[in-house]
Amino acid sequence: MRSSPDGPRRSKPAIPPQHLVSYVVVIDPRDSSVFLIDHIGAGVWLPTGGHVEPGEHPLDTAIRETREELGIDADFGLTGTAPVFLTVTRTTDIVGTHVDVSLWYVITAGQETEFTLDSREFRSGRWWTVDEFGNSDVRRFDPHFLRFIAKVRSSASGSSPHIRP
């Protein structure tokens with residue numbers, strides 16, 4: 001499958017006005033913690049990821065963005081290479097409004113993993129526990145992030161609060 005010719009962003013900030021995005025959520029399956037980055041442009045904590053380039057498959061975008069933004073190879077062993085979540089978000093920033101259609105992928109890494117973050121895009125990165133999400137202001141994250149966490153947790157086998165393969 002190749003991306004639709006009207007899905008990838010061809011020119012910043014919003015040409016076309018609807019963009020295809022691949023998010024990559026890093027989860028440590030041992031305790032369900034999630035690694036997020038403090039995104040300078042968005043002003044919130046986000047998973048790594050980015051816009052799908054013209055002619056690029058969204059999975060290839062996820063792999064590329066993981067290498068570029070975290071400096072690691074993506075390990076899709078927890079949920080496989082198919083996206084586990086889809087969102088549509090109207091995004092407004094200093095240059096205007098557009099719509100992001102986002103495919104959410106899950107990769108695994110341990111909290112001991114050393115990431116190489118791009119300081120031009122991110123203020124910092126950190127691991128978040130499930131309890132921290134529940135006690136945080138939802139405006140600190142992508143507007144769909146807490147629904148994503150709930151979906152992944154409900155998809156886990158058994159009644160354990162931990163995400164399991």
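**How the terms apply to this predicted model**

The largest nonpolar core has 40 residues, and those with the most contacts inside it are Val26, Val34, Leu36, Phe115, Phe133, Phe145 and Phe148. This is a predicted model, in which local features need pLDDT of at least 70 and side-chain atom pairs count only at pLDDT 80 or more, while totals for chains, interfaces and linings use all residues. Residues are numbered from 1 along each chain as its sequence is written, and side-chain values use heavy atoms, with hydrogens and water left out.

User: What makes a set of residues a nonpolar core?
Analyst: The name applies to buried Ala, Val, Leu, Ile, Met, Phe, Trp, Tyr and Cys residues that are joined through side-chain atoms within 4.5 Å. In this protein the largest such set has 40 residues.

User: Why is Pro17 called exposed?
Analyst: Exposed means over 50% relative accessible area, buried under 20%, and partly exposed in between, with a 1.4 Å probe and protein chains only. Pro17 has a relative accessible area of 55%, so Pro17 is exposed. Pro17 is found in the segment before E1, a strand, that is, a DSSP run of E with at least two residues, whereas helices are runs of H or I with at least four, numbered from the N terminus.

User: Which residues does Pro17 touch, not counting residues up to four places away in sequence?
Analyst: Pro17 touches His98 and Val99, where contact means heavy atoms within 4.5 Å.

User: What is Phe133 in contact with, leaving aside neighbours within four places in sequence?
Analyst: Phe133 is in contact with Val34, Leu36, Trp128, Phe141, Phe145, Leu146 and Ile149.

User: How many helices and strands does the protein have?
Analyst: The protein has three helices and seven strands.
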